[in-house]
Amino acid sequence: MVKKIIDLIVAITLFRLIVVSFIQIKKQWVRIYYYGRYRYYFPNGGNSFLHGNTEIKYPENIFIGNKIVIGPGCTLGAKSKIELGDFVRISKDVVIETAGLDCQGELPYKHISKPIIIGKGVWLGARSIVLGGVTIGDNTIVGAGSVVSKDIPENSIVVGHSRIIGIDNEAK
């Protein structure tokens, strides 16, 4: 009886070890895939990280700096140019979209697009949206859920709909 219990414990332990090993191997292959995808889209991207489920439209129009982190669920729509400076942090579910519709014209509305420039050291909070034609200055923090539809000066803190709540004039 004791031998059967020991054999069962050994079998369960071996099975668990095999399953955990396969999970770890799968995780490593996924990381390799994500890295290869990043290098394919951005061969000159420097030492940056792009989460695997980031949606990228027109990657040839996206220019990224060094040490950028793009979180999960983000969308980069680059009908026009998108420039990301060094050390930019893009949190989860952020939308950076250069294109939109010209609602002033006749139906059906025509697509228009304007470039987006994001400076060095910018942090875009979770689920924020950056619209076309915007320049965000260096060292700016964009709060979670904010919509940026106009230019933001450097060293600013932005919440809501492009509302600047603070500017650090003494920042480097």
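Predicted model: local features only at pLDDT ≥ 70, side-chain atom pairs only at ≥ 80, totals over all residues.
How far apart are the mean positions of the positive and negative charges of this chain? Hold that thought for a second while I say hello, and thanks for having me.

Now, the charges. The chain carries 21 positive and 14 negative ones, and their mean positions lie 12 Å apart.

Next, the overall form. A compact globule of 172 residues would have a radius of gyration near 16 Å, but for this chain the value is 22 Å.

What about the surface? The chain has an accessible surface of about 11100 Å², and carbon and sulfur atoms account for 62% of that. As for the inside, 31% of the 172 residues count as buried.

Let's turn to contacts. Take those between residues at least 6 apart in sequence: 17% of them join residues at least 24 apart.

And the secondary structure? The chain holds 1 helix and 18 strands. Four of these strands build an open sheet with parallel pairing, in the order 3-6-11-14. At its edges sit strand 3, residues 62-64, and strand 14, residues 135-136, each pairing on one side only.

If you'd like to find one of these pairings on the screen, go to strand 11, residues 116-118. Which residue in strand 14 is the bridge partner of Ile117? That would be Thr135.

That's my tour, and I'm happy to take questions!

How values were computed
Residues numbered from 1 in each chain as written. Heavy atoms only, no water. Helix = DSSP H or I, 4+ residues; strand = E, 2+ residues; numbered from the N terminus. Rg over C-alpha atoms; globule rule 2.2 N^0.38 Å. Buried < 20%, exposed > 50% of the residue type's maximum accessible area, 1.4 Å probe, protein only. Contact = heavy atoms within 4.5 Å. Areas by Shrake-Rupley, 256 points an atom, 1.4 Å probe, with all protein chains shown as cover. Lys, Arg positive; Asp, Glu negative; His and termini not counted. Charge placed at Lys NZ, Arg CZ, Asp CG, Glu CD. Pairing = 2+ DSSP bridges.
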